[in-house]
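The stops below go one at a time.

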Amino acid sequence: MSSTAITKETYLEWYKTMLLMRKFEEKAGQLYGQQKIRGFCHLYIGQEAVVAGAMSTLRPEDSMITAYRDHAHAIAKGVPANAAMAELYGKATGCSKGKGGSMHFFSKAHKFMGGHGIVGGQIPLGAGIAFAEKYNGTDNVCVCYMGDGAVRQGAFNETLNMAMLWKLPVIFVCENNGYAMGTSVARTTNMIDIYKMGLGFDMPSAPVDGMDVIAVHNAMDEAVQRARTGEGPTFLEMRTYRYKGHSMSDPAKYRTKEELEEYKGRDPLITTKAAIVEKKYADEDWFAKVEADVKETIEKCVKFAEESPYPEPEELYKDVYVQTDYPFITA
């Protein structure tokens, strides 16, 4: 059970956070269809509880790193919707100065250590961030997200071994949405219970219902407390589901409509709203106001992105090396 109390405010914040994620992603999908957003675009619709439930256990000083389905993680970590949408547009006001796009959100100020395009590439980086926190004597933790496809990378096993050996304050979270890029877990491995991979390193590991924000919160809270007190890493398999394809170019024909509808029946927004109503934490007027506020936020962030300038050409040569006068890169 959670050592961090789940209060009325927790439920209300969960709902507001998940609604903002959902509406941001829906708008991003719409804008992509209008070719206002280019390149790759991987939406998070359906998986919102995995991030919302984690945020209610973390502090602003804690770090987060993930793969390229990163919009919701960045927003939950505090990146403003304006900066997120501007980055999708490739504008200079984006959280990565318009240089990263959908797959490479980043914010040092919010300790969001990036979306990463190389499958599994963020896993050793997440352990490295945790190592830095331990080396510096803090009790901060790092949450390292990955997809179910990334656990097939060698870096995953190497990192779990080292993290457990050094008792690093990192929580590895596999967002198992069942299909990686488009191939079901059952077709790629005999071990469909992904969390068991952590047991080979004697790492505390567990499956979690990733559609249930309370289950996510409880599992994450236990893992975070272990990490803060020097007991080392945890591996959690969040069993979730994405309603859209792997990316905007994926028609997702590898699954049935019946399966999709079954998961939509467990939608975290619907179940969280039902819990709030049942507990009498809020009425329909509150929900209407939250929906209106989120709608306004989305409208404003699109307007902000539309009106923002593109990066100047010379920006191509900046932020490549820490050394500002690095002699081997010239315009």
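**Stops along the chain**

Select K111, which is found in the loop between α4 (81–88) and β2 (112–115); helices (H or I, at least four residues) and strands (E, at least two) are DSSP runs numbered from the N terminus. This is a predicted model, in which local features need pLDDT of at least 70 and side-chain atom pairs pLDDT 80 or more, while totals for chains, interfaces and linings use all residues. Residues are numbered from 1 along each chain as its sequence is written, and side-chain values use heavy atoms, without hydrogens and water.

Phi of K111 is near 55°, a positive value in a residue other than glycine. E133 is buried at 8% relative accessibility (buried is under 20% relative accessible area, exposed over 50%, partly exposed in between; 1.4 Å probe, protein chains only).

Next, select D62 and R228, whose side chains form a salt bridge (2.6 Å, N to O). D62 lies in the loop between α2 (48–55) and β1 (63–66) and R228 in helix α7, so this pair ties together parts 166 residues apart in sequence. D62 is buried at 0% relative accessible area, and R228 is buried at 15%.

Finally, select K280, in the loop between α9 (268–278) and α10 (284–307). Its phi is near 60°, and K280 is exposed at 71% relative accessible area.

Note on methods. A salt bridge is a side-chain nitrogen of Lys or Arg within 4 Å of a carboxyl oxygen of Asp or Glu.
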